[in-house]
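Here is a friendly note to read alongside the structure. Please keep the model open as you go, and look up each residue as it comes along.

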Amino acid sequence: MKTQNSSFKEKITKADAINLLEWVSYASASDENLRDVFLNMDRAMKYVHDRGYCIKSFDPREIEILNYSVNQIRFKTLLEMPKDYTYRKELKQEDIFNSSCLQIGLYTHSLPYLKKEFLKSNFEEFAKSLPADDVPYYRGVIERGATIYLCEWDLEKRKRDLEKLDQEVSGGEGKGRQLVKSNGLSTLDPSAVNDKINDKIYKQLNSITDAAFISFLIFPTMLLVLGIVALIIMWVVKLG
């Protein structure tokens, strides 16, 4: 008889993608595995935001895990954000809030009937089922509307933990901070690796961004050339 996990591997191998809801069901994910997915989901969300797009839906059926890898997260539908900075900030905040609601719903097995206002009013009850170290993060997002990404929170926390360990072990000589400095955060921050992964997953966004940048350069260049041509024609006419 096949195990649940082997069935999951067969499904993902055949499809090359599985949505988040299916992944949770098939993989019987632990909190640790869920957290890995959520961190990478946040890195993908930040990647998308940095390129001027936001997430249309946080329905777990609209979020895919590719190639049986929790490092490869794809949001199926994106929306281009307006140019207005204030509106962009609001959309990013909304995405971070919705992402946190999704994560809390999956941690607490309450997603199908989780209401945002109920979550805000009763956060402390939900907090009992969340990873203890991440409770301050979720409290900040849900109760105060914080706009920090989970992946950024995690990185800062690990940096603080490393410095605290350094203080305890080395008596304050700063070896932990030296490690961070000498490695350029490479031992702590996997974002560079994730960016390369997301470059492939969201390559269409990069194509759009590149095209917009090229258009931005070409248009003023054309105006300049046309202006020079007009001046030459005027000068020729005067000489004639």
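**Notes on the model**

1. Let us begin with Gln103. Leaving out residues up to four places away in sequence, Gln103 touches Phe38, Met41, Asp42, Tyr138 and Leu150, where contact means heavy atoms within 4.5 Å. Gln103 sits in helix 4; helices (H or I, at least four residues) and strands (E, at least two) are DSSP runs, numbered from the N terminus. Is Gln103 buried or exposed? Gln103 is buried, because its relative accessible area is 1%; buried means under 20% relative accessible area, exposed over 50%, and partly exposed in between, with a 1.4 Å probe and protein chains only. Gln103 and Pro60 are 43 residues apart in sequence, and their C-alpha atoms are 9.8 Å apart in space.

2. A word on where the values come from. This is a predicted model, in which local features need pLDDT of at least 70 and side-chain atom pairs count only at pLDDT 80 or more, while totals for chains, interfaces and linings use all residues. Residues are numbered from 1 along each chain as its sequence is written, and side-chain values use heavy atoms, with hydrogens and water left out.

3. Now the overall picture. The protein chain has 11 helices and five strands. Of its 240 residues, 36% count as buried. Among the contacts in the chain with a separation of 6 or more, 59% are between residues 24 or more positions apart.

4. Next, please find the largest pocket, which holds about 310 Å³ of space. On a 1 Å grid over the protein atoms alone, a pocket is an open set of points where a 1.4 Å probe fits, with protein on both sides within 12 Å along at least five of seven lines, and lining residues have an atom within 4 Å of a point. Grid points are joined across faces, edges and corners, and the volume is the space filled by probe spheres set on the points. Which residues lie nearest the centre of this pocket? They are Phe58, Asp59, Pro60, Leu102 and Leu111, out of 14 lining residues. Helix 4 (residues 85-107) gives the largest share of the lining, four residues.

5. The lining of the largest pocket divides into nine nonpolar, one polar and four charged residues. Here Ala, Val, Leu, Ile, Met, Phe, Trp, Tyr, Cys and Pro count as nonpolar, Asp, Glu, Lys and Arg as charged, and the others, Gly among them, as polar.

6. Phe118 and Phe126 make an edge-to-face pair, because their planes stand at 80°, with ring centres 6.1 Å apart. Phe118 is partly exposed at 48% relative accessible area, whereas Phe126 is buried at 11%.

7. Tyr137 and Trp153 form a tilted pair, 6.0 Å centre to centre with 45° between the planes. This pair links distant parts of the chain, with Tyr137 in helix 7 (residues 135-144) and Trp153 in helix 8 (residues 150-170), 16 residues apart. Both Tyr137 and Trp153 are buried. They also belong to one aromatic cluster with Phe38, Tyr107 and Tyr138.

8. Two arginines lie over ring faces: Arg51 over Tyr47, at 3.5 Å from the ring centre, and Arg160 over Trp153, at 5.8 Å. The rule asks for NZ of Lys or CZ of Arg within 6 Å of the ring centre and within 35 degrees of the ring normal.

9. Finally, some loop residues. Asn67 has a positive phi near 55° without being a glycine, and Asn67 lies in the loop between strand 3 (63-66) and strand 4 (73-75). Tyr68, in the loop between strand 3 and strand 4, also has a positive phi, about 55°. Asn67 is partly exposed at 43% relative accessibility, and Tyr68 is partly exposed at 37%. Ser110, in the loop between helix 4 and helix 5 (116-121), is buried at 6%.

Methods
Rings of Phe, Tyr and Trp (its six-membered ring) pair if their centres lie within 6.5 Å; planes under 30 degrees apart count as stacked, over 60 as edge-to-face and the rest as tilted.
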